[in-house]
Amino acid sequence: MGFPGSRSKETRVWLLRSDEARFGEAIATVFPTATWRCRHGNRLDREPDHMFEGVLDALECGGGVHAFLPLPVPGEPGMRGIPAVQLLRSDLRHNEQGRYFRIGRVAIRWFEPDLSPVMHQLVTRQTNEVWRALRSVTSPAHVVRMLDGKEVAGRRIGPDALRLVQAEGLPLSDWTDAVMYRPA
Ligand SMILES: [Zn+2]
């Protein structure tokens, strides 16, 4: 809530593809008419070109980086500048020490003055539904910073991601490779 009227919500999360699919299914259960959008490049002002029922299809079309769920659902044709939930994909990567799991996130931001009061309330309510769906398919990630051994709160992890992390003792990271965690 940095600026007056700025509304935002973000949860950092580790998900495998199957976990992403679970999240998409949970969203589809709450919002049967929801459509995911791809985004090509970083032009935030550009209306996305492609609509998908499945989150994985939208992710793939957008180069595997992120997919967007515009709110409210259903939208109105031609609506511009509406908020969208971003699913930024987490990623299995390599460095000199070996394989690690880089975090992704689910996030939304909008400016209350940009929306009518009714629309703001609707987006707020649907945002809460999206996060309820996210919580239903993930669990809190119990991880400790490798630097100081302190537990880091607020991050979540999908069931298949958790199984992989536990089976391999896979290190986890935020977006900078320097900050690494281990499963607690
Ligand atoms: Zn596309």
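What percentage of the 184 residues of the protein count as buried? In this predicted model, the share that counts as buried is 28%. The exercises below go from the whole chain to single elements.

**Exercise 1. Check the length of helix α1 (residues 17-30) and find what its buried residues pack against.**

Solution. Helix α1 has 14 residues, which at 1.5 Å a residue should span 20 Å; the expected span is taken over one less than the number of residues. The end C-alpha atoms of α1 are 20 Å apart, which agrees. The buried residues of α1 are D19, E20, R22, F23, G24 and I27. Their packing partners are α2 (55-61), β4 (66-70), α3 (117-136) and α4 (159-168).

**Exercise 2. Give the strand order of the six-stranded open sheet and identify its edges.**

Solution. The order is β6-β7-β13-β14-β10-β11, and the pairing is mixed. The edge strands, each pairing on one side only, are β6 (91-95) and β11 (151-152). Within the sheet, β7 (residues 98-102) and β13 (residues 172-173) pair in the parallel sense over two bridges. F101 has L172 of β13 as its bridge partner.

**Exercise 3. Sort the residues of strand β8 (residues 104-111) by face, then describe how β8 pairs with β1 and β5.**

Solution. In a regular strand the side chains alternate between the two faces of the sheet. Strand β8 shows a covered face made up of G104, V106, I108 and W110, while R105, A107, R109 and F111 make up the uncovered face. Now take the partners in turn. Strand β1 (residues 6-14) pairs with β8 in the antiparallel sense over eight bridges, and T11 has V106 of β8 as its bridge partner. Strand β5 (residues 84-88) also runs antiparallel to β8, joined to it by three bridges. Here L88 stands opposite R105.

Notes
Residues numbered from 1 in each chain as written. Predicted model: local features only at pLDDT ≥ 70, side-chain atom pairs only at ≥ 80, totals over all residues. Pairing = 2+ DSSP bridges. Helix = DSSP H or I, 4+ residues; strand = E, 2+ residues; numbered from the N terminus. Buried ≥ 20, exposed ≤ 12 C-beta atoms within 10 Å, placed from the backbone. Contact = placed C-beta atoms within 7 Å.
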